[in-house]
Amino acid sequence: MPKIEPPTSVRSARVSAVRQLNDKSRRTKSGLALVEGKGSVKELLEFSPKSVQDFFVSQNFLDAHAEEIWLRDAVVVSDQILRSMSDTSNPQGVIATAQIPSQDLSDLNSPKKVVILSNVRDPGNAGTILRSADAFDFDAVIFADDSVDAWSPKVIRSAVGSHWHLPIISGISTVEAVAWAHQNSLHVVATDLSGGEITNIKNISGVAWILGNEAWGLPKELADLADSRIRLKMSGRAESLNVASAATLAFYLTDQLL
């Protein structure tokens, strides 16, 4: 990555271009994502270095992490300039921009474990689900219908680098995602308070979890697309789990199905 002269003003074109990536329309137009935070940027540099466009570090962050070899190619800027690029009040001190991978369902070869997010709106939940899918070796995460933008800075921060570890598919409907899953011999499973035991599902070769909106879950017409519905057993008094927590438990149990 070639060195560039560090911007010296928050009004510079370079700083403005980075800051604008906090907006979805600018990400869509440019094909770039803003990647912020030590873990996220470090994983980007390791797993997708050719996609990196810009790489900035604040002087204070560099001073505190002088032993970190991966920072050697960063452009050093003032804390004020780096803060102006971020959408957080207390940025971690390191930011990069990177090309968003162009991926679609046809790129997935013989998938065995995928998750379909149907109208999951909260970026923290979406990022946590993506990180959990990565942790349990899923083949892809599908952001369907009106789910949050998978490449928003908040989702990227929450996933802490997992964007660069597995395919992320966006821009399709839940109906299309489920149809694709069935075409690939995946057993579609929905979590539902009225569902049965996970042990009832037998003799399947692959699974697609379908997760619904944080507030209203899966509407009946989408839940009916699933081949099975399961209830995650809870011994306490909480009525239900946060969708990200439920997803993590479901992913942990997935290997029992296969």
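Okay, let's start with strand β5, residues 113–118, which is mostly covered: 6 of its 6 residues are buried. Buried here means under 20% relative accessible area, with exposed being over 50% and partly exposed in between, using a 1.4 Å probe and protein chains only. Strands are DSSP runs of E with at least two residues, helices are runs of H or I with at least four, and both are numbered from the N terminus.

Quick housekeeping: this is a predicted model, so to speak about local features we need pLDDT of at least 70, side-chain atom pairs count only at pLDDT 80 or more, and totals for chains, interfaces and linings use all residues. Residues are numbered from 1 along each chain as its sequence is written, and side-chain values use heavy atoms, leaving out hydrogens and water.

Back to β5. Which residues point which way? K113, V115 and L117 go one way, V114, I116 and S118 go the other, and all are buried.

Now the neighbours. Two strands pair if DSSP finds at least two bridges between them. β5 runs parallel to strand β9 (residues 207–211), with 5 bridges joining them, and V115 sits opposite W209 in β9. β5 also pairs in the parallel sense with strand β6 (residues 140–144), again over 5 bridges, and there L117 has F143 as its bridge partner.

How confident is the predictor? pLDDT is its confidence in each residue, from 0 to 100. The chain's mean is 91, and 95% of its residues reach 70 or more. Among the elements, β6 has the highest mean pLDDT (98), while strand β8 (residues 187–196) has the lowest (79).

Next, the second largest pocket, which holds about 360 Å³ of space. Of its 20 lining residues, K24, D149, W151, S170 and G171 are the closest to its centre. A pocket is an open set of points on a 1 Å grid over the protein atoms alone, where a 1.4 Å probe fits, with protein on both sides within 12 Å along at least five of seven lines; lining residues have an atom within 4 Å of a point. The volume is the space filled by probe spheres set on those points, which are joined across faces, edges and corners.

Which element gives the most to this lining? That's β7, with 4 residues.

Last stop: I172, which is in strand β7. Why does I172 count as buried? Because its relative accessibility is 18%.

Technical notes:
pLDDT is the predictor's confidence in each residue, from 0 to 100.
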